[in-house]
There are 2 protein chains.
Amino acid sequence: MDASFCPPTRILLGPGPCNTSPEVLEALSRPTIGHLDPAFLELMNQIGNRLRRLFGTENSLTIPISATGSGGMQAVLSNLLEPGDAVLVGVHGVFGVRFAECARRLGADVTEVHSDWGTPLDCEEVAKVASGKSFKLIGAVHAETSTGVLLGAEGIAKLRAACDESGALLVLDTVTSLGGLPVELDARGVDATWSGTQKCLACPPGLSPISLSQRAMDVLGRRERPVSSWYFDLSLISQYWGSERAYHHTAPINMLYGLHEALGLVFEEGIDERYARHADAARHLWNGLEARGFEMLVEEPHRLFPLTSVRIPDSIDDAKVRAELLDVHGIEIGGGLGPLAGAIWRIGLMGQNANKGTVDQLLHKLDEVLD
Amino acid sequence: MDASFCPPTRILLGPGPCNTSPEVLEALSRPTIGHLDPAFLELMNQIGNRLRRLFGTENSLTIPISATGSGGMQAVLSNLLEPGDAVLVGVHGVFGVRFAECARRLGADVTEVHSDWGTPLDCEEVAKVASGKSFKLIGAVHAETSTGVLLGAEGIAKLRAACDESGALLVLDTVTSLGGLPVELDARGVDATWSGTQKCLACPPGLSPISLSQRAMDVLGRRERPVSSWYFDLSLISQYWGSERAYHHTAPINMLYGLHEALGLVFEEGIDERYARHADAARHLWNGLEARGFEMLVEEPHRLFPLTSVRIPDSIDDAKVRAELLDVHGIEIGGGLGPLAGAIWRIGLMGQNANKGTVDQLLHKLDEVLD
């Protein structure tokens with residue numbers, strides 16, 4: 001029982017985590033220092049700057065929350081919402097459902113606009129529902145990890161206009177986009193977002209980068225009652241990440257080493273080069289799958305590059321193929337969630353795995369398994 | 001800006017984090033695998049078993065929460081409490097204050113019994129306040145990290161009796177005790193607890209081992225409304241850690257490698273041997289400090305072994321000494337918090353740092369700085 005754990009060799013081509021970059025793995029193993037050590041405080045400053053650069057924002061409250069991506073969602077919504085607040089969420093997948101549920105748990109009055117899973121969010125419909133009504137926030141998922149659907153810049157612009165009309169904050173889940181697709185918070189007028197580290201940043205799961213605009217900070221400042229979650233109270237957390245350096249909770253030191261390194265690798269490669277690499281790898285995968293007779297769930301141009309959803313033909317046994325890929329070839333791909341369970345595979349090409357060689361390797365092994 | 005972070009060499013003798021064991025650092029850097037990989041599910045089983053062994057419990061819900069120690073507190077209290085619930089907290093330091101505040105934020109009706117900081121909790125007084133009244137839970141801090149005071153087995157027994165009388169759950173914060181002092185949840189009748197990884201387990205911060213008794217689970221089952229925090233909802237989290245393996249959030253894979261390894265090291269050494277080592281190192285420190293004319297804040301037998309609080313004589317400049325220890329000698333010790341700021345140092349001897357050689361090194365450097 002006291003033995004060490006030796007992880008099997010895997011190529012992680014599911015919906016995340018992807019394989020962690022070797023440089024990030026090395027960074028995780030550097031000696032722990034104190035959370036108030038001057039050297040660590042400087043590291044925190046650098047992480048904030050790097051996150052701002054990648055998010056495309058000047059928001060001062062741009063920090064990693066000490067929890068996974070869903071914890072970032074919890075933190076953002078717990079701070080922005082008070083019981084009775086009106087919230088409008090566009091839902092077309094698991095993570096939209098989760099967004100709405102999280103807001104509902106906090107006592108918000110949630111209106112959902114549903115689009116079919118696998119199709120883009122109907123932003124016109126969201127705008128129509130918002131029209132003439134007052135909402136505290138309008139939310140959607142930038143990259144719906146359960147379906148592989150992108151919310152494009154045009155759709156975001158429509159949501160922004162709807163927010164302007166109804167006095168709402170625009171809130172986006174950017175878990176699967178950050179580091180693989182342009183997020184551009186400021187240019188697109190996004191007021192609040194949460195992301196994750198285990199997708200296109202190629203860092204292990206465990207942190208959630210978030211960012212809040214001045215408009216969102218103003219909403220926090222006008223709260224009538226304290227945030228019900230002490231752990232996620234941004235007014236306390238921001239005093240540790242800000243110039244006060246007031247202790248709130250002990251930051252996850254080594255995970256932050258990893259995030260800092262992962263962000264450094266993004267800029268070393270070049271942000272645009274990284275996005276192009278994710279796009280090239282995805283197109284290579286789509287071509288390869290289509291050449292083999294597979295159909296994509298999502299129409300272009302609404303397909304995500306970091307995550308491809310492909311329909312499973314009736315003749316193929318979903319579970320058997322995925323198990324053989326994993327057990328025999330060490331390749332993980334994802335199954336469908338909810339109504340798409342058994343109907344699609346979700347193939348992630350994120351971080352270092354977004355390259356044609358890895359795609360060829362997957363296609364080759366898939367041929368073997370299906371042969 | 002794209003450079004890697006190179007942490008300075010430190011001996012971490014503050015209130016935590018302590019130095020991470022080299023074996024744990026190595027474990028953190030093992031390749032990431034998927035959170036639903038059969039090999040990872042087996043690792044989760046082992047972590048649960050190891051935590052049960054160290055906590056001294058058969059509680060099935062014994063898991064690490066994907067957040068730091070304070071996040072474990074948030075998770076436990078968010079699940080056990082509903083608005084209006086009566087809660088009684090013994091407070092004699094920062095972490096008791098925090099416990100009460102966290103419960104209050106959740107809408108509980110909180111009664112606090114205060115004892116002076118640096119003295120043991122007056123458990124008789126807690127029992128007196130509880131007598132004849134009905135409380136949902138009675139809580140206290142096992143090892144008060146802000147003062148260095150232990151809540152001994154006798155005190156815990158008094159709280160347990162008070163709980164029995166008022167129908168309350170007994171809830172303990174075991175952040176600074178787990179792995180350095182006996183916790184023995186079942187033998188002592190503790191119903192719920194949260195801990196941290198960066199104290200006596202010598203793992204980086206970022207996870208919070210928690211455990212809930214059947215009595216506590218029954219309280220969860222009788223909740224009238226869903227837990228307001230989706231992220232910390234134990235009814236969902238336990239479906240991932242239980243046999244269902246239903247996805248809730250992506251587990252912090254590499255941090256869990258680290259925790260598994262850290263727990264393995266505890267059993268490799270022997271639990272009792274580890275406790276004895278922490279005790280020996282602390283006594284060696286106390287003797288050394290007293291020989292130099294320092295006074296301890298806390299009377300025996302209420303002193304914590306993993307964390308010693310020592311009074312700073314008026315003639316000594318707190319900030320200057322700590323800065324010189326850190327900057328010149330690479331040794332971190334902690335200052336006081338709240339009313340004890342400037343009045344005490346907090347010296348942690350946790351994990352691998354709990355040994356006489358490290359104590360001698362500290363005392364030698366302290367002599368140099370004070371010379």
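Which residue in E8(A) does Val141(A) stand opposite? Val141(A) stands opposite Asp173(A).

## Basis of the model

This is a predicted model, in which local features need pLDDT of at least 70 and side-chain atom pairs count only at pLDDT 80 or more, whereas totals for chains, interfaces and linings use all residues. Residues are numbered from 1 along each chain as its sequence is written, and chains are lettered from A and ligands numbered from 1 in the order in which they are written.

## The sheet of chain A

Seven strands form an open sheet with mixed pairing in chain A, in the order E2-E10-E9-E8-E5-E3-E4; strands (E, at least two residues) and helices (H or I, at least four) are DSSP runs numbered from the N terminus, and two strands pair if DSSP finds at least two bridges between them. At the edges lie strand E2 (61–65) and strand E4 (109–114) of chain A, each pairing on one side only. Within the sheet, strand E5 (residues 137–141) of chain A runs parallel to strand E8 (residues 169–173) of chain A, and five bridges join them.

## Domains and chain contact

An automatic or database domain assignment divides chain A into domain 1 (11–16 + 271–370) and domain 2 (22–266). Their contact takes 25 residues from domain 1 of chain A and 24 residues from domain 2 of chain A, where residues are in contact if their C-beta atoms, placed from the backbone, lie within 7 Å. On the domain 1 side, the largest share, four residues, comes from H11(A).

Between chains, 63 residues of chain A are in contact with 63 residues of chain B, and H10(A) gives the largest share of the chain A side, nine residues.

Note on methods:
Two residues are in contact if their C-beta atoms, placed from the backbone, lie within 7 Å.
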